[in-house]
Amino acid sequence: LFSMQEFAKAEESWAQARAMDESLQVPVLSGAWMEMKAGRLEAAERLFREAAADEESAACGLVGLGCVAMARQDLRAARERFLEALAKEPRMPEALFEMALSYLAEGNAAEAERWGRKLEQTAEGHPLVETLAKAMGKPA
């Protein structure tokens, strides 16, 4: 459900599972994205920080922190987090995509295009390439 962007259903499923077994815990990143999609930015930020502190999930946690910053309209902080993620995983499609979106959000089409090209070059065929092309009004 989570991978299909069905966040409300995923959250409901986890609640049902926890009702049967209180020891079950939502994975940190999944929980963070569910909080983010529900608009609970403080809870999402706390969970993304937890993920960012773990070396295995650090880059994903940093992208999440950047998305929280974007939701708060703090593009500078968002880009700092995305760049930190890229320092850990230079070819990370999600970080490249979010960098492009951050520039698109401020109306800087040239810089958005530059990051979009990086995404295309490093993640050819990735669904985010097509998503970004649509967001930029380009044919996919």
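Start at Gly116, which is in contact with Ala100 and Leu132 once its neighbours within four places in sequence are left aside; contact here means heavy atoms within 4.5 Å. Gly116 belongs to helix α7. Helices (H or I, at least four residues) and strands (E, at least two) are DSSP runs, numbered from the N terminus. With a relative accessibility of 5%, Gly116 counts as buried. The cut-offs are under 20% relative accessible area for buried, over 50% for exposed, and partly exposed in between, with a 1.4 Å probe and protein chains only. From Gly116 to Leu132 is 16 residues in sequence and 7.2 Å in space, C-alpha to C-alpha.

A word on what you are looking at. This is a predicted model, in which local features need pLDDT of at least 70 and side-chain atom pairs count only at pLDDT 80 or more, while totals for chains, interfaces and linings use all residues. Residues are numbered from 1 along each chain as its sequence is written, and side-chain values use heavy atoms, with hydrogens and water left out.

Now step back to the whole chain. It holds 8 helices and 0 strands, so the order of elements from the N terminus, by the DSSP definition above, reads α-α-α-α-α-α-α-α. Of its 140 residues, 39% count as buried. Among contacts with a separation of 6 or more, 42% join residues 24 or more positions apart.

Rolling a probe the size of a water molecule over the atoms shows where empty space is left. On a 1 Å grid over the protein atoms alone, a cavity is a set of points where a 1.4 Å probe fits but cannot get out, and lining residues have an atom within 4 Å of a point. Grid points are joined across faces, edges and corners, and a volume is the space filled by probe spheres set on the points. How many cavities of 30 Å³ or more does this rule give? The count comes to 1, and the largest cavity has a volume of about 50 Å³. Its lining is made of Gly116, Leu119, Glu120, Val129, Leu132, Ala133, Met136 and Lys138. The elements that give two or more residues to this lining are α7 and α8. By type, the lining residues divide into 5 nonpolar, 1 polar and 2 charged.

The loop between α7 and α8 contains Ala123. Ala123 counts as buried because its relative accessibility is 8%. Not counting residues up to four places away in sequence, Ala123 touches Pro93 and Val129. Ala123 and Glu94 are 29 residues apart along the chain, and their C-alpha atoms are separated by 9.8 Å.

The expected span of a helix is 1.5 Å times one less than its number of residues. Buried residues of α6 include Pro93, Ala95, Leu96 and Phe97. What covers the buried residues of α6 includes α4 (58–71), α5 (75–88), α7 (109–122) and α8 (127–135). After α6 comes Gly107, with a positive phi near 85°.

Helix α5 has 14 residues and reaches 20 Å from its first C-alpha to its last, close to the 20 Å expected. Its buried residues, among them Leu75, Arg79 and Phe82, pack against α4, α6 and α7. In the loop between α4 and α5 sits Gln73. Most residues other than glycine have a negative phi, yet phi of Gln73 is positive, near 65°. Gln73 counts as exposed, at 66% relative accessibility.

What about the cysteines? Cys60 is partly exposed at 33% relative accessibility, whereas Cys67 is buried at 9%. A disulfide is a pair of cysteine sulfur atoms within 2.5 Å, and the count by this rule is 0.

Finish in helix α2 (residues 28–37), the place of Ala32. Ala32 is buried, with a relative accessible area of 0%. Beyond four places in sequence, Ala32 is in contact with Ala44, Leu47 and Phe48. Ala32 and Ala44 are 12 residues apart in sequence and 4.5 Å apart in space, C-alpha to C-alpha.

Key. On a 1 Å grid over the protein atoms alone, a cavity is a set of points where a 1.4 Å probe fits but cannot get out, and a pocket is an open set with protein on both sides within 12 Å along at least five of seven lines; lining residues have an atom within 4 Å of a point. Ala, Val, Leu, Ile, Met, Phe, Trp, Tyr, Cys and Pro count as nonpolar, Asp, Glu, Lys and Arg as charged, and the others, Gly among them, as polar.
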